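Let's take a friendly walk through one protein model.

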Amino acid sequence: GPTNDDRIQQTEQAEPGVVSNLMSSGSDVDQISITWNQPSMPNGIIIMYDIRYRESDNSDSFVFFVNGITDTQYIISGLTSFISYTIGVRAYTIAGPGEWIDESAMTLDLQSSIIG
């Protein structure tokens with residue numbers, strides 16, 4: 001019969017680990033910019049990322065999603081000034097999504113941006 005040498009060994013892809021070095025900072029009164037690195041344990045080829053965000057201190061806050069990001073940076077806009085937001089990112093391989101990891105950041109204060 002055929003030996004193992006005849007077959008290409010292919011590693012099965014699995015869901016990725018969490019993204020690394022997720023960093024977020026308020027870049028304007030209505031914007032927060034985020035950057036991250038691909039997971040240290042990708043478990044396959046990373047095909048895209050999802051982002052979610054909501055107001056940190058408002059339990060009724062709507063959760064917004066941005067899907068299918070292929071870059072490792074994004075600017076979230078249309079936010080409210082001087083509000084803390086909780087921002088999550090997760091990675092995908094062909095096998096599906098990994099776990100979310102969260103960061104918090106605050107949009108800039110209207111007053112300080114006028115003075116500055």
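Phe 64 counts as partly exposed, because its relative accessibility is 40% (buried means under 20% relative accessible area, exposed over 50%, partly exposed in between, with a 1.4 Å probe and protein chains only). This is a predicted model, where local features need pLDDT of at least 70 and side-chain atom pairs count only at pLDDT 80 or more, while totals for chains, interfaces and linings use all residues. Residues are numbered from 1 along each chain as its sequence is written, and side-chain values use heavy atoms, leaving out hydrogens and water.

The whole structure holds four aromatic pairs. Rings of Phe, Tyr and Trp (its six-membered ring) pair if their centres lie within 6.5 Å; planes under 30 degrees apart count as stacked, over 60 as edge-to-face and the rest as tilted. Here are two of the pairs:

| Pair | Centre distance | Plane angle | Type |
|---|---|---|---|
| Phe 62 and Phe 64 | 5.2 Å | 70° | edge-to-face |
| Phe 65 and Trp 100 | 6.1 Å | 55° | tilted |

Phe 65 lies in strand 4 and Trp 100 in the loop between strand 7 and strand 8, so their pair ties together parts that are 35 residues apart in sequence (strands are DSSP runs of E, at least two residues, numbered from the N terminus). Ring pairs also link Tyr 53, Phe 62 and Phe 64 into a cluster.

Is Asp 50 buried or exposed? Asp 50 is buried, because its relative accessible area is 1%. Its side chain makes polar contacts with those of Asn 67, at 3.1 Å, and Tyr 92, at 2.9 Å (a polar contact is a pair of N or O atoms within 3.5 Å; within protein, one must be able to donate a hydrogen and the other to accept it, and residues adjacent in sequence count only if both atoms are side-chain atoms).

Key: Helices (H or I, at least four residues) and strands (E, at least two) are DSSP runs, numbered from the N terminus.
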